[in-house]
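This report describes selected features of a predicted model.

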Amino acid sequence: MIAAAPLHFQTTRSFSLAAGPASRTFTMRERSGVILVNRITVPRGVRAYVVATIPKLAGAGVQSWPTPRDPTLACTHDRGRLACRQGEEWCPMPQATWHFRLVKLRGPAGTVRVDYRVAPPPP
């Protein structure tokens, strides 16, 4: 059985963005552990990326378009949406407030969702 995450940890943020370029900055408090989920979900046709950092310590990113140069990026289509998940090495991370920068380069209006989860690795 998986225990529910404490309420003070947030692993998902969603933004309704207008058509065309846009950006948002935000933070999420994460527990210590390894990066288990690093995913962006966008409407079909949107090009966007997210950079997540613990300032002066660690960073990770994900983008909404596949590239042959990055075999650890996996994207799936479902009901007009594209979800891209970046594979991450399991490097230990401290409990911290992560800083995020979401950049939408182009595309139609819609909701962009960022999922980011740091937790102990599964057994």
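## Aromatic pairs

Four aromatic pairs are present in the structure. Rings of Phe, Tyr and Trp (its six-membered ring) count as a pair if their centres lie within 6.5 Å; planes under 30 degrees apart are called stacked, over 60 edge-to-face, and the rest tilted. The ring centres of Phe15 and Phe26 are 5.1 Å apart and the planes stand at 45°, so this pair is tilted. Phe15 belongs to strand β1 and Phe26 to strand β2 (residues 22–30), and the pair links distant parts of the chain, eleven residues apart. Strands, like helices, are DSSP runs numbered from the N terminus (strands: E, at least two residues; helices: H or I, at least four). Phe15 and Phe26 are both buried. Buried stands for under 20% relative accessible area, exposed for over 50%, and partly exposed for values in between, with a 1.4 Å probe and protein chains only.

Phe100 and Tyr116 form an edge-to-face aromatic pair, with 5.1 Å from centre to centre and 85° between the planes. Phe100 is in strand β8 (residues 96–106) and Tyr116 in strand β9, so the pair ties together parts that are 16 residues apart in sequence. Phe100 counts as buried because its relative accessibility is 3%, and Tyr116 counts as buried because its relative accessibility is 0%. Phe15, Phe26, Trp98, Phe100 and Tyr116 are linked into a cluster by ring pairs.

## Basis of the values

Residues are numbered from 1 along each chain as its sequence is written, and side-chain values use heavy atoms, with hydrogens and water left out. In this predicted model, local features need pLDDT of at least 70 and side-chain atom pairs count only at pLDDT 80 or more, while totals for chains, interfaces and linings use all residues.

## The sheet

An open sheet is formed by five strands in the order β1-β9-β3-β7-β6, and the pairing is antiparallel. Its edge strands are β1 (12–17) and β6 (73–78), each of which pairs on one side only. From one strand to the next the twist averages 15°. The axes behind such angles are lines fitted to C-alpha atoms (for helices over the stretch in contact), and the angles run from 0 to 180 degrees between N-to-C directions.

Two strands are taken to pair if DSSP finds at least two bridges between them. Strand β3 and strand β9 (residues 110–119) pair in the antiparallel sense over seven bridges. Thr41 has Arg113 as its bridge partner in β9.

The structure holds two salt bridges, a term for a side-chain nitrogen of Lys or Arg within 4 Å of a carboxyl oxygen of Asp or Glu. One of them joins Arg39 and Asp115, with the closest N and O atoms 3.3 Å apart. Arg39 lies in strand β3 and Asp115 in strand β9, so this pair ties together parts that are 76 residues apart in sequence. Arg113 also forms a salt bridge with Asp115, and here the closest N and O atoms are 2.9 Å apart.

Asp115 is buried, with a relative accessible area of 5%.

## Asn38 in β3

Asn38 is a residue of strand β3 (residues 34–43). With a relative accessible area of 4%, Asn38 is buried. The side chains of Asn38 and Glu88 are joined by a polar contact of 2.8 Å. Such a contact is a pair of N or O atoms within 3.5 Å; within protein, one must be able to donate a hydrogen and the other to accept it, and residues adjacent in sequence count only if both atoms are side-chain atoms.

Leaving aside residues up to four places away in sequence, Asn38 touches Ala60, Gly61, Val62, Cys84, Arg85, Gln86, Glu88, Asp115 and Tyr116. Contact here means heavy atoms within 4.5 Å.

## Positive phi in two loops

Lys56 has a phi near 65°, a positive value in a residue other than glycine. Lys56 sits in the loop between β4 (47–54) and β5 (58–63) and is exposed, with a relative accessible area of 90%.

Arg79 is not a glycine, yet its phi is positive, at about 55°. Arg79 is placed in the loop between β6 and β7 (81–86). Its relative accessible area is 78%, so Arg79 is exposed.
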